[in-house]
Amino acid sequence: MVTAADSQWMARALRLAERGLYSTSPNPRVGCVLVKDGAWLADGWHERAGEPHAEIHALRAAGDRARGATVYVTLEPCSHHGRTPPCADALINAGVARVVAAVQDPNPQVAGQGLKKLHAAGIEVECGLMEMAARELNIGFFARMARGTPWVRSKIAASLDGRTALASGASKWITSEAARQDVQHWRARSCAVLTGIGTVMADDPQLNVRGIETLRQPLRVVVDNALRLPPDARLLQQPGALIYTAVTDAKKTSALEQAGVQVVALPGENGRVDLPGVLRDLAGRGCNEILVEAGSKLNGALLQAGLVDELVLYLAPQMLGDMARGMASLGELTNLDQRISLEWKDVRHVGKDLRIVSTVRKG
């Protein structure tokens, strides 16, 4: 039976899990709290892939006192040997009395097996407490495990009338410094930042995390149908760039590879890159969350293909007029059934701007 005290301890475990927001991928963000006789005993959280999981950190901090304790963990303890031994075995060996998990692990290698192992060892097991919060914290991990593609989040900065740049392409800066700094948090939690070659040629972005302490930089990914990316582009100044193209050009590929870029040919229709194939490939590389920072063409193509899960829209209190560039090139819609429908998720002020986070309705 779940109590109010259980909810309080699980809330603490979720706050611990958030500490791994920028660092755990491809693993999920997990927090763990040990409690005994109603009192806090030890904490733990997963910091980086390949390092001990949250339960192990908490058990090490508790030592022999863990015997008879209750464990609150934001994700089902693993039951398989990956980079680290199974956490379920460690909990059993420590002699804990009860395990409360927020949500079952979607990884097919676990998927309920950890809870079954604990129950078979005589440990009381509860699962489902604050499940939605735990899922939201690992929204990309759940997406990758369930459907084989990352969670795709598109960031767009626009004027109040939905324009992202003047007709000339000038766009610096539509939104405020506060909004631009807020974007860094979305980059830091993402496994990759995805853009199109048009944005690279127009803005020469770096696409890295700035102003935030982080253990890693996201992979920088460019959709470049004809391999137009110049080897001196600023996003190539740091290692970790990946180009998806629709052509095979040994000379251009060699020049980019010498600049430290990995080039992957994924030809689709009409000389364009296979965008669903891009997402499948990124999932295979362990990417959970993708942040799209692109222009209207790539945003439109991703939306039309049903590949965008979430929009993060920064609206500035200004208007740029009908001739300015829009958010997404969707072509002419001839009936309302073709529209992209959204659901509001979060709306708040960021500096002088309005930030709207919404999910894209599928189906």
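Let's start at helix α6, residues 139–147, whose buried residues are Ile139, Gly140, Phe141, Phe142, Ala143 and Arg144. Keep in mind as you look around that this is a predicted model. What lies over those buried residues of α6? The cover includes α5 (131–137), β6 (151–159), α10 (275–284), β12 (289–292) and β15 (342–350), and a few of these elements will come up again below. Just past the end of α6, look at Gly148, which takes a positive phi of about 80 degrees.

A search of the whole structure turns up one aromatic pair. The rings in question belong to Phe141 and Phe142: their centres sit 6.4 Å apart and their planes stand at 90 degrees, over the 60 degrees needed, so this is an edge-to-face pair. Are the two residues buried or exposed? Both Phe141 and Phe142 are buried.

From α6, step across to β6, one of the elements covering its buried residues. Ser154 belongs to this strand. With a relative accessible area of 1%, Ser154 counts as buried, because the cut-off is 20%. So what does the side chain of Ser154 do in there? It makes a polar contact with the side chain of Asn299, at 2.7 Å. If you skip residues up to four places away in sequence, Ser154 touches Val292, Asn299, Val308, Glu310, Leu311 and Val312.

Glu310, on that list of contacts, deserves a stop of its own. Its side chain meets that of Arg153 in a salt bridge, 2.5 Å from N to O.

Glu310 has another salt-bridge partner to look at: Lys345, with the closest N and O atoms 2.6 Å apart. Here Glu310 lies in β13 and Lys345 in β15, so the pair ties together parts that are 35 residues apart in sequence. Zoom out and you find a network: salt bridges with shared partners join Arg29, Glu136, Arg153, Arg189, Glu289, Glu310 and Lys345.

Across the whole structure, the search finds 23 salt bridges. One of them worth a look is between Asp281 and Arg285, where the closest N and O atoms are 2.7 Å apart. Asp281 is partly exposed, with a relative accessible area of 25%. Arg285 also counts as partly exposed, at 36% relative accessibility.

Now for a threonine. Thr245 is found in strand β10, which spans residues 241–245. With a relative accessible area of 1%, Thr245 is buried. Where does its side chain reach? The side chain of Thr245 gets to the backbone oxygen of Asp224, at 2.9 Å. Leaving out neighbours within four places in sequence, the contacts of Thr245 are Asp224, Asn225, Ala226, Leu227, Val263, Val264, Ala265, Leu266, Pro267 and Val273.

Which residue of β3 is the bridge partner of Cys32? That partner is Val73.

Methods:
Residues numbered from 1 in each chain as written. Predicted model: local features only at pLDDT ≥ 70, side-chain atom pairs only at ≥ 80, totals over all residues. Heavy atoms only, no water. Helix = DSSP H or I, 4+ residues; strand = E, 2+ residues; numbered from the N terminus. Buried < 20%, exposed > 50% of the residue type's maximum accessible area, 1.4 Å probe, protein only. Polar contact = N/O pair within 3.5 Å; in protein donor to acceptor, adjacent residues only side chain to side chain. Contact = heavy atoms within 4.5 Å. Pairing = 2+ DSSP bridges. Salt bridge = Lys/Arg side-chain N within 4 Å of Asp/Glu carboxyl O. Phe/Tyr/Trp six-rings, centres within 6.5 Å; stacked < 30°, edge-to-face > 60°.
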